[in-house]
Structures are given as structure tokens and as C-alpha cells.
Amino acid sequence: MYELVQVAENTYYINAPSKIGVYRVSDDDIWLIDSGNDKDAGRKIQKILDAQGWKLTAIINTHSNADHDGGNTLLQNRLNCAVYTTPMELAIVEHPMLEPSFLYGGYPFKKLRNKFLMATPSKGQDIADAPLPAGMEYFRLPGHFWDMIGVKTPDDVYFMADCVCGENILEKYHISFFYDIAAQLETLDMIEKLEGRLFIPAHAEPTEDIKPLADANRKKMQEILDALLEICREPLHFELILKRVFKRFALTMDYSQYVLIGSTIRSYLSYLVDQGKLECYVEDALLLWKTVSAE
């Protein structure tokens, strides 16, 4: 872990749990794409940069999940680098308590206020105002989180953030976190049309062809949708739906998984209601969900 891998003339990535992009603007000037999950990741990144004699100018956060911006604070404090992201993600970068609060749907109890769900605060700026290196572009990847982006380097290498997961992760964990199911499906359609030298997802191996991975992720999403329609053949309130999802996919319940999977399943249910495939209604002080009959 944390090996520096060169993939093009000036483009590298650090092979961390969430892959970290590195673009070399000049002999001693680099930009990072994400910063790892915590201060220890930040220290390891700094060690790599120091070994190469590189100066860190800026970090682009693809989104504000803690495993992508957790190294910001240490690197910013030590190296005085700028941090850029989209405005909605910036709100969480600067106020990390928003993430567990959003996931839980209220003030999060102490066991949810952990580094897995919230990074330490860092100071950022709107990426629209960033003096990006010549030829670098960012592009929106909605679905996984509020306003996630990817980054294309001038070497025609795409950093894809969390818009897809590796097939090994899909088969092991089944349910990836999504905020907006409709937007995620549109993103999968969009990335299949991209042409580039290399695609580097944060949680999958680099690939020259993103299409098979997009298709695998789409199929897994459809599997979850089909499962929910089956589960909701009888009217159920949310906690029972979630329990049946965990049992169906042999998932392990803990506090973090309760809010992450719970939030994602709510998003799937919303999508199915908007598609007219599921109905929800209040009965006996419960919000119930039921599959719409095909008749």
C-alpha cells in the first residue's frame, strides 16, 4: 500500500485504499486528486512527495467522503496547499459533521462521529475558481454523493472517484453507497462513452476500458432494485425492509453500515416510487412501502 505508480508521462497514482491521483505540473510542482482517509494517509503522502522532491500546490477533492479528504488537514497545515472541490462537497469538507448528520437523519450519536464517517475539517475553495494546470479538466459524476467529480489529466488519464467499484467489491459487499439512484444510472451511461488512455477508479484496478466495469455496476444496481420489489410485495415499514436486505445479502450490521446501507436503501426506494414501481403510504403511524401490482 501507498506505492507511487506512474501511468503516463506526468500522471501517477498512490495505491491506497482509495486511490490518490498525482499530476506533476513541473519538476517540483504537483497536484493531488484526493488525499486518503486520515492524517496517517496524509503523512504517507507527504513522505512520498518528499522522496520525489515535489512541492504540493493543491488538492482536488472529488467528493467529501472521509476516505477521500481525510488527509487534507495534515497536508494543508504542513504544506500550505490549497484545496478545491464543488460547492456542495465543500460544505462537508469544511463542516464534516454534516456527513454523519445527513446519513443518520439527525444529530449523530458518538459512535457515528468517527473518522470513517467524518474527516477533520479543512479549508477549501470552489473548484470553478481553481487555476487548474493547463489541459487538466474536471467533470461531474453525480449519483454516489452530492456533487462528485472526476478529473482528467493532460495525459488523457481519467480519475473516476467512486462512480464504479471493482467486481470483487460488488460481489463481496453487494450494496455500494449511493445518494441518487437515477443520477448514478445516468453517470454509468455517460462514462461508457468516454475515451481515454486509462481510467482509474478509486476502488477498482486501473483499466483501459471502463465499459465492462460500468456494466457490472449497473447489473448489481438492477439486482438490488429487483430484490426490493420482491421484498416489498407485502407492505413493510423501513426497518423490516432493511433487515431483509441485510439477511438477503448476508451483510453484517454495525452502526456505520446501518446509516450507510440504510441511506442507500432509502434512495433506492425513492427511485422506485418515482418510477411508479413502488408506492408508499402512512398507515397506523407507519410509513409503509409496497410494490405496485402489475395488473
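Is Tyr255 buried, partly exposed or exposed? Select Tyr255: the residue is partly exposed, with a relative accessible area of 44% (buried is under 20%, exposed over 50%, partly exposed in between, with a 1.4 Å probe and protein chains only). The model is predicted, so local features need pLDDT of at least 70 and side-chain atom pairs pLDDT 80 or more, while totals for chains, interfaces and linings use all residues. Residues are numbered from 1 along each chain as its sequence is written, and side-chain values use heavy atoms, without hydrogens or water.

**Helix 10**

Next select residues 255-274, which make up helix 10 (helices are DSSP runs of H or I with at least four residues, strands are runs of E with at least two, and both are numbered from the N terminus). Helix 10 has 20 residues and reaches 29 Å from its first C-alpha to its last, close to the expected 28 Å (1.5 Å times one less than the number of residues). Just after the helix, Gly276 has a positive phi of about 75°.

**Aromatic pairs**

The structure holds 12 aromatic pairs (rings of Phe, Tyr and Trp, the last by its six-membered ring, with centres within 6.5 Å; planes under 30 degrees apart are stacked, over 60 edge-to-face, the rest tilted). Select Phe102 and Tyr179: this pair is edge-to-face, 5.8 Å centre to centre with 70° between the planes. Phe102 belongs to helix 5 and Tyr179 to the loop between helix 6 and helix 7 (181-191), so the pair ties together parts 77 residues apart in sequence. Phe102 is partly exposed at 22% relative accessible area, and Tyr179 is partly exposed at 31%.

Phe109 is partly exposed, with a relative accessible area of 32%.

For a cluster, select Phe102, Phe145, Trp146, Phe177 and Tyr179, which form one aromatic cluster.

**Pockets**

The largest pocket holds about 940 Å³ of space (a pocket is an open set of points on a 1 Å grid over the protein atoms alone, with protein on both sides within 12 Å along at least five of seven lines; a cavity is a set where a 1.4 Å probe fits but cannot get out; lining residues have an atom within 4 Å of a point). Volume is the space filled by probe spheres set on the grid points, which are joined across faces, edges and corners. Select Asp67, Phe116, His203, Gln257 and Leu260, the closest to the pocket centre of its 34 lining residues. Helix 6 gives the most to this lining, with 4 residues.

The second largest pocket has a volume of about 150 Å³. Its lining includes Met1, Lys19, His203 and Glu205.

**Cavities**

There are 2 cavities of 30 Å³ or more. For the largest cavity, of about 40 Å³, select its lining, which includes Lys19, Asp34, Phe159 and Ala202.

The second largest cavity holds about 30 Å³. Among its lining residues are His174, Asn217, Lys220, Met221 and Tyr268. Helix 8 (residues 211-231) gives the most to that lining, with 3 residues.
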